[in-house]
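Please find below some notes for a colleague who will work with these coordinates. They are set out as numbered points, to be read beside the sequence and the model.

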2 protein chains.
Amino acid sequence: MIIASNRGPLRFERRADGKGFTSHLGAGGVATALGPLLEDAPEGTIWVASALTDDDRAAVRAGEARAAHMDLRLLDLDPQTARLHLDVVSNGVLWFLHHGLFDLARRPRFDRRFQEAWRGYEDVNRAFADTVCELASDGDVVLVQDYQLSLTPGYIRTTRPDLRVVHFTHTPFAGPNAIRVLPWDVATALCGSLSSVPCGFHATRWADCFVAATRQVLGADRATTAPFVASLGPDIEALTRTAESEAARAAARELDDLVGDRQLVLRIDRIDLSKNLLRGFAAYDLLLEEHREWRERVVFVAMVNPSRATLPEYRAYRNEVEQAVARVNDRWATSGWDPVVLDSRDDFHRSVAGLGRYDVLLVNPLNDGLNLVAKEGPLLNQRDGLVCLSTEAGAFEELGEAVIPVHPYDLVQTADALHTALTMPRDERVARAARLRDLAGARTNRDWLADLVKRAEAATMQ
Amino acid sequence: MIIASNRGPLRFERRADGKGFTSHLGAGGVATALGPLLEDAPEGTIWVASALTDDDRAAVRAGEARAAHMDLRLLDLDPQTARLHLDVVSNGVLWFLHHGLFDLARRPRFDRRFQEAWRGYEDVNRAFADTVCELASDGDVVLVQDYQLSLTPGYIRTTRPDLRVVHFTHTPFAGPNAIRVLPWDVATALCGSLSSVPCGFHATRWADCFVAATRQVLGADRATTAPFVASLGPDIEALTRTAESEAARAAARELDDLVGDRQLVLRIDRIDLSKNLLRGFAAYDLLLEEHREWRERVVFVAMVNPSRATLPEYRAYRNEVEQAVARVNDRWATSGWDPVVLDSRDDFHRSVAGLGRYDVLLVNPLNDGLNLVAKEGPLLNQRDGLVCLSTEAGAFEELGEAVIPVHPYDLVQTADALHTALTMPRDERVARAARLRDLAGARTNRDWLADLVKRAEAATMQ
């Protein structure tokens with residue numbers, strides 16, 4: 001089995017004494033999804049990923065970019081090409097496209113600079129494909145991950161039709177109107193590559209968008225491989241271990257001190273335009289305005305950590321988020337009560353402590369491939385906490401019946417949802433939390449991986 | 001027959017001497033579409049519209065808001081309600097939604113103010129329906145126009161199931177993902193009303209979006225009336241009359257002086273975010289950068305007039321447009337040559353003169369219900385001019401084979417399209433212009449109106 005993902009399972013750091021490298025677990029949804037492979041990968045597993053930092057590249061050159069139980073191959077890509085691939089095309093265009101984040105009157109602008117970046121995207125995707133084709137044995141299963149590697153399946157299929165390739169998209173997928181925003185050749189290449197293999201998505205909705213988009217671009221009569229739906233589930237063992245760690249216990253005590261006997265509304269997100277942080281704070285502001293009974297009785301802890309700071313859109317958004325929090329606090333704070341606590345440390349133990357402790361978890365993205373936090377929360381939570389979940393998150397398809405639905409653009413509805421959650425009678429709350437636990441734990445990350453392998457094995461070899 | 005449109009065929013102005021009112025032809029696509037009715041409406045035609053200005057309202061109160069050959073009923077609406085209906089909901093939300101113009105990370109925000117505005121939208125739509133129901137005879141045909149009156153068909157159907165109502169949307173229609181941005185009750189009301197009658201669109205694409213959006217909102221099993229496609233055509237007689245007028249001839253001479261023996265690239269648009277003015281100038285800039293042979297040999301006349309100045313988005317966009325023009329001129333102007341001439345007068349004679357005179361007409365909207373200028377241009381043009389037309393304009397479905405296609409987000413492709421048009425050999429140019437004239441003149445506004453009436457007459461009475 002071969003895994004291909006832009007971000008690998010480990011990142012490497014040069015030791016302070018200069019002798020060798022230490023390795024750390026990678027972060028992000030793909031790392032969670034594939035994490036168990038680090039412990040018990042099948043014999044002969046190969047994982048191909050990019051060397052993302054100078055230290056990663058140094059570790060590759062020193063022959064020390066290794067992982068236990070598998071053959072880890074970090075690609076030592078030209079840093080400028082890697083930047084064009086990741087910052088400009090993957091995160092600057094495809095992420096925005098699939099999440100519907102473009103302010104279309106102004107962006108994107110496909111110019112010569114984009115054409116160069118697209119060649120960088122092609123180069124990196126081809127480098128992944130070349131490495132896979134070089135290392136793969138006859139009929140191997142190849143699992144290609146996410147929007148950074150959309151062209152890799154097509155390149156592999158051309159060179160090695162014997163390999164059994166699947167691609168899995170962890171984001172939403174552009175619908176038939178949105179896909180038309182891409183330059184014609186880009187859209188054709190993307191849809192052509194993906195439609196040559198079984199493609200997986202976390203939710204039916206994104207699989208439907210994918211089918212409609214590829215039809216739009218390639219024509220209704222062009223046969224494409226049918227996509228499949230396989231939602232990711234939490235890594236329950238790892239979560240439980242973390243929750244029982246001393247670091248998580250310490251974070252929980254810190255949170256107890258902060259929250260006291262108030263109710264805790266929690267959100268945990270990267271600071272990303274798709275996460276809808278601004279309307280979350282605006283809805284909370286409306287709640288405090290219209291339901292004065294909650295003033296001083298609730299605290300909203302926003303564990304939101306900065307992300308993609310190389311993109312100006314993200315720096316601007318982060319400023320807006322900080323201003324939105326300041327506005328709510330300026331308006332409602334009293335001595336001894338901050339309505340919103342913005343915590344931008346990236347600390348997994350603190351997050352796990354928060355998930356154990358919330359009364360209400362607010363997850364209100366504009367669009368989200370799945371949103372794993374919405375599943376992790378109910379499994380970790382110790383207080384029969386409720387989840388207010390956007391209908392536009394992939395996880396809503398599975399959790400919908402037990403969450404309180406949130407309309408991400410509707411501030412009045414979102415404030416209502418928070419109020420409903422905060423006032424829910426104990427009986428109903430307990431019943432919902434139990435149902436949520438069942439639904440959220442119905443699938444684990446191992447189930448997801450097994451589904452991918454099964455789909456790949458079923459793929460016809462040509 | 002009853003027409004219902006927010007903007008009526010005439011606007012009224014109080015005479016300087018205070019004695020009575022003068023009337024002027026209304027502007028905009030709907031006015032063009034329905035213009036012929038002012039000359040030869042069938043006996044008993046009633047036209048219901050809003051009184052849009054103080055003078056309109058004064059004319060209504062004085063009983064002088066009248067038109068020849070028909071019963072004109074201008075509704076004297078509360079100005080604040082009319083503002084909520086038109087500025088906040090129709091132009092501030094529905095226009096943005098149907099054209100995909102929201103910067104979704106930030107807008108829209110459905111708050112209490114929006115809820116109040118939505119009640120204003122309902123009130124105005126109900127006032128139209130009430131007036132129609134009051135005036136209509138048994139089995140009358142009712143033609144309801146555009147996104148400002150989306151709820152009117154549903155209200156009419158409830159009160160007067162005997163009437164044969166059609167609705168026609170002159171804009172694009174939101175797809176199944178975009179429609180989810182609306183608050184749930186708003187989306188349900190909108191789709192419910194429209195799906196209760198035959199709905200018309202200028203292009204198959206928008207009809208398909210409508211079907212997909214209503215399925216998304218109302219459920220796949222809910223039976224809805226099938227939409228129809230009936231594209232608007234130019235009012236050829238009126239155009240010809242205008243082109244032969246002394247005012248148009250004077251404007252043509254003025255343009256001749258301005259352009260001289262250079263080639264003329266022309267655009268004619270309202271300054272609207274959907275029209276993609278910024279990328280049009282950026283593509284022209286790229287053309288001048290990469291093809292120095294066009295410097296001093298082309299002039300780009302942008303007849304673009306300000307619009308909807310009550311909306312801050314439009315004021316901001318207008319500033320950006322002016323800056324974009326200044327940038328191109330700062331970069332390339334020489335003594336005696338301005339690369340771009342920005343003409344923001346709203347002057348129909350000047351527009352008609354421009355359409356007679358262009359070598360290349362640039363029509364590059366992000367999304368456009370039809371774009372009537374793309375059809376009017378070929379019919380008026382005297383120089384075998386070419387049209388560079390966005391694939392995202394409804395008119396592309398009819399004109400596609402004879403235009404030079406434009407990808408509205410792709411600056412490189414748009415610059416290429418302009419270069420192709422400017423360098424096209426005379427023979428091919430003449431042949432294309434001839435084919436364009438045929439396609440553009442294949443339907444007139446009278447054909448469009450006849451189609452609407454036919455669809456209405458075919459509607460089953462219940």
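Predicted model: local features only at pLDDT ≥ 70, side-chain atom pairs only at ≥ 80, totals over all residues.

1. On the division into domains, chain A is split into domain 1, which covers 2–232 + 446–458, and domain 2, which covers 236–442. The C-alpha centres of domain 1 of chain A and domain 2 of chain A are 29 Å apart, and their contact draws 20 residues from domain 1 of chain A and 14 residues from domain 2 of chain A.

2. On the domain 1 side of that contact in chain A, the elements giving two or more residues are helix H1 (29–34), helix H4 (79–99) and helix H8 (204–218). The largest share, four residues, is supplied by H4(A). Sorted by class, this side of domain 1 of chain A holds five nonpolar, 13 polar and two charged residues.

3. Helix H4 of chain A deserves a separate look, for H4(A) bends by about 40° at A:Ser90. Just after H4(A), A:Gly100 adopts a positive phi of about 65°.

4. On the sheet, chain A has seven strands that form an open sheet in the order E5-E4-E1-E6-E7-E8-E9, with parallel pairing. Its edges are strand E5 (71–75) and strand E9 (228–229) of chain A, each of which pairs on one side only. Within the sheet, strand E1 (residues 2–4) and strand E4 (residues 46–50) of chain A pair in the parallel sense over three bridges, and A:Ala4 has A:Val48 in E4(A) as its bridge partner. H8(A) packs on the sheet, where it touches strand E7 (164–169), strand E8 (199–201) and E9 of chain A, and the direction of H8(A) makes about 140° with that of E8(A).

5. On the contact between the chains, 32 residues come from chain A and 32 residues from chain B. The elements that give two or more residues to the chain A side are helix H5 (112–135), helix H11 (277–290) and helix H16 (411–423) of chain A. The residues on this side of chain A divide into 17 nonpolar, six polar and nine charged.

6. For backbone geometry, the background is that most residues other than glycine have a negative phi and most peptide bonds are trans. In chain B, a cis peptide bond joins B:Arg107 and B:Pro108, with omega about 5°, and B:Pro108 lies in the loop between helix H4 (79–99) and helix H5 (112–135) of chain B.

7. Which positive phi values in chain B belong to residues other than glycine? One of them is at B:Glu296, where phi is near 70°, in the loop between helix H11 (277–290) and strand E11 (298–305) of chain B. B:Glu296 counts as partly exposed because it has 15 C-beta neighbours inside 10 Å. B:Asp384, which is not a glycine either, has a positive phi of about 55° and is located in the loop between helix H14 (373–380) and strand E14 (386–390) of chain B. B:Asp384 has 18 C-beta neighbours inside 10 Å and therefore counts as partly exposed.

Conventions. Residues numbered from 1 in each chain as written. Chains lettered and ligands numbered in written order. Domains from an automatic or database assignment. Contact = placed C-beta atoms within 7 Å. Nonpolar A, V, L, I, M, F, W, Y, C, P; charged D, E, K, R; others polar. Bend = angle between axes of the 7 residues up to and from the residue. Pairing = 2+ DSSP bridges. Axes fitted to C-alpha atoms, helices over the stretch in contact; angles between N-to-C directions. Buried ≥ 20, exposed ≤ 12 C-beta atoms within 10 Å, placed from the backbone.
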